[in-house]
Amino acid sequence: MPRHLQTDRWLFGSTVALCLVGAVMVFSASAVTARDQFGNGYYFLLRQLLWLVLGLGGMMAVMNVDYRKLRRPEVVFTGLFAVLVMLVGVFFLDKSHATHRWIRLGPASLQPSELAKLAVIFYLAWFLETRRHSGSFGVNDWKHTIVPALGPVLVLGGLVVIEPDLGTAVEIFIIAVAMLYVAGLHGKYIVGAGLAALPIVYLLIVRVSYRYERVVAFLNPTADPQGRGFQLLQSLIAVGSGGFTGVGLMESKQKLFYLPEAHTDFIFAVLCEEMGFIGGALVLALFALYGWRGMRAAFKATDDFGRSAALGITVMVLSQGLINLGVVLGMMPTKGIPLPFISYGGSSLLVMLLATGVLLNISQQAD
Amino acid sequence: MDVRSSRTRLLIVAALTTVWTGAALGRLAYLQLFRYSEYYSRAQHQQQVIVEVGARRAEIFDRNLNPLAMSVPVDSCFAVPSEIADPDMVARLLGKVLEVPPEEIATRLAASHSFAWIARKLPPDKAERIAAMNLRGIYFQREGARFYPKRELAAHVLGYVDIDDRGLGGVEYSLDSHIRSKPGKMLILADAHRRWYDSSDKAPDTGASVILTIDEKIQYIAEKELAQAIQDTQAKSGTVVVENPNTGALLAVANWPTFNPNAAKDSNPESRINRAVSALYEPGSVFKIVTLSAAIDQGITNADELIDCQNGAIYIAGHRIRDHKAYGMLTVAQVLSNSSDVGAIKIGLRLGAPKFYDYIRAFGFGQPTGVDLPGESRGMLRRVENWTPVSVGSISMGQEIGVTPLQLITAMSVMANGGLFVRPHVVRALRRGAQTVEPPQPQPRRVIRQTTAATMRSMLEGVVLNGTGKHAQLDGYTSAGKTGTAQKFDIATGHYFAHQLIASFVGFAPINNPAVTILVTLDSAIGAHEGGQIAAPAFKRIAQQILAYMDVPHDIPVPANTLRASRQHHNYQDLADVTDFDPAQVDMNMAVEDPAPVAPQPAPGAAAPTVELAEGEGIPVPQLQGWTVREVTEKCMKLGLSPVLVGTGIAVEQSPAPSAMIRRGSRITVRFARDASLVTAAARRRVR
């Protein structure tokens, strides 16, 4: 690199801070269930720390690699193809939790759907830039831009839906829409796509009983507090009973089997119960800081690829975080989406940190 | 599209996420700051439902490890009302099985969204019938039901528990925190799938079992003879206490009226009073042992000194006090054996108030004995500064002072054990797992000199040999003691009841190296009412059986006619055998309902009632021989049978015989024995 670059301290700091809050909360939220299931209260903490070390190492390595090296068809298509193979591959592996989401590699397991998000981001960033440079076709060219751009997104997203993992699929589409919109896609296409998706949404939500029940429960959680509304109601009780200062670290009562998925999807509820409004607002502030630095990097990026990639990564982290918070706080129906950097889960953490590494590189080159 | 408009769109996306983040922050503040108190109480509420149930109480044993209280698992039924679509129909169905008005159940269902008890600690047949209905929103929770296999036996020592298994009387109360499993480890938790999660199964600690000093057989003898005495004398109430004078270990504490701790809530509160520790009465002449021993201990008199009893009258501070009989010159020993009031007063006056008061305190009056039972009264003893001129005289003959039966027997034990105050107690040890801990006992405290105690013992023997206590003479054993007949003092009015008397006898046997001290008090007997007439014979019957049961060697020849009689009939050893006591017949249904089932019930585990059950044939009688009392009880409870347990040890006989058909709820009588040959035979059957 020609000049000595300053690391984006704000972005780096907020990421590391979120990861540390995550490690503490994973331990607090999982200690009792871990002892119950595995006889070892540190079971989840140790695994999370291992992934965290791997992820932070990966992030620091990636942030020192010029992101423009990713802007090559061989890199982008290798990624797309690898993810495609894995997404098809999971259907031939054993089911876990009645779904095909994981590839087991010895003690670790990998969620290809997490990698799919990265593949989509880099594919779109590369593809949209090529459309811009070729000059012949605009972003709004139906045949030459929109269909080729959305094709891989729909294939990957569709496979993720079949897994089934609707939450991650929605994530992928949100990322794609945001990237296309900023690249200049006409609003009418976005509205049109939304209308076209309605029947699919109907099929996927209203006709799949457990999702429909979640929506019903969201709309009226107190109608069935011990059944369908249980999860949401317990989450609200956890958050609400935290108050301003919280009940104290490790003191959550709701994590004692009341709150399902206390250390994964509902970890923010445990955090709010233990650390109160102060802790919850702090986490929101850290995400806002991350978002600001990410958007700033996209804004200042000197090339289309950098802008698109920075936007895609930032939208990935922020939208996922905000959807998770929305679920925990009862603002939207329950969806199985982890809170970036904080929830327990190796694949998600690794993907988020590697993506942040790229974002850090874009950010430091943009200044 | 150029870079500028692209950046504009970027700002729009950034603005959208900012709005979204702001909304999340607002929602967070709304939930945590505005609705904090509501969610806080909801959290409290659901967490409290959880700690309420699930406590496991440990067993209580007598000193030979016979179980006197145990917990057997039973089902309690609760509802999650929000899951119930048609509460009225559910209330009707449940009401029919439980035989309660449906409106009552409907009210309970309406009271809460998340949790409502339907019925606690159900008899197995009812639980099964409810389970068979398979109603949505109706669940069962395993709870420990406290069960006292010997029914009334030692009821006042054991105490009882409420529906939530909290100890409310006796040892159940005073050692509640030990007997219960530790709180916090007995959570009942619900997970997302609405399974109820009983973590107390995982809690290693289930509370400490209690080993009492009470001996089941001695307790039985005491209760049987007390009941007999009550019947004979028409007394309103009574108490028998048996103590080992050397250790303070209470071998029996019996009160009348008594109650069945299995159904304590249906008993008369009066019957649950442990009179042995809480009844307050004037001791009367029994208290002369304190007066005389204090004077002898001080060296101001001796057993043979002659006292002028002034033909039955004495003036103190202008008051004329009359003796029950006009005595002339009596030795001090005769003052005691004839129970002369004038003699006792003169000795008391010679001792003087301050000294006398010190001795009374040293004997433990006017303060709790420190027994490990709840509800102990400290007695009534005015401070010496507040004594009137008459007080020394009154107290010398056991008036103007209130004592409990336990204080009195403790004072008598001082004579028996050579002059030491030993704290009476009922808890021998606590057992937690393999670890047995004996609670520390305070050092015995010297009250009177050994020689004084020896003098008192021979004087007290004189009471039995040729004084007021002749009916307390034993066959084959020497005995000693003191009678008392006191007017009942009405604390409310400050006057004595005219016709209500308390008759008592407190004594020990044998004279040298006494094995037991025994107290008998009978309150408001009709007809004969003097301690020597009614309490002393009860003492004799009790002491005779206990000494034989304890294998205390005879110290005087057994009269020939008694020997003959015992050969012809049965000896005292047999009398002492609990197996002859019309057994605490055990009503497993504990609740008040009729134990007979209304309709035949499906066998446990059977998915649907079989044809023969539907015809009302019932279930085959289980093979119970070779099992312990506890195992038999649990087996029977599971099958919905009411066991009638006779004796202790291993089950050796049962009626009806195994594999006969029997209806659910029927009684099944099981006899237990420790006899070696029977037990091995039964054990062989069990192996098979």
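Which side chains meet in a salt bridge at 2.7 Å, N to O? Select B:E225 and B:R541. A salt bridge here is a side-chain nitrogen of Lys or Arg within 4 Å of a carboxyl oxygen of Asp or Glu. The pair links distant parts of the chain: B:E225 sits in helix α9 (residues 216–233) of chain B and B:R541 in helix α18 (residues 531–549) of chain B, 316 residues apart. Helices are DSSP runs of H or I, at least four residues, and strands are runs of E, at least two, numbered from the N terminus.

This is a predicted model: local features need pLDDT of at least 70, side-chain atom pairs need 80 or more, and totals for chains, interfaces and linings use all residues. Residues are numbered from 1 along each chain as its sequence is written, chains are lettered from A and ligands numbered from 1 in the order written, and side-chain values use heavy atoms, without hydrogens and water.

B:E225 is buried, at 7% relative accessible area. B:R541 is partly exposed, at 29%. Buried means under 20%, exposed over 50%, partly exposed in between (1.4 Å probe, protein chains only).

Next, select B:E400 and B:R382. Their salt bridge has its closest N and O atoms 2.9 Å apart.

Move to helix α13 (residues 341–351) of chain B. Here 8 of the 11 residues are buried, so the helix is largely enclosed by the rest of the structure. Among them are B:V342, B:I345 and B:L351. After α13(B) comes B:G352, with a positive phi near 85°.
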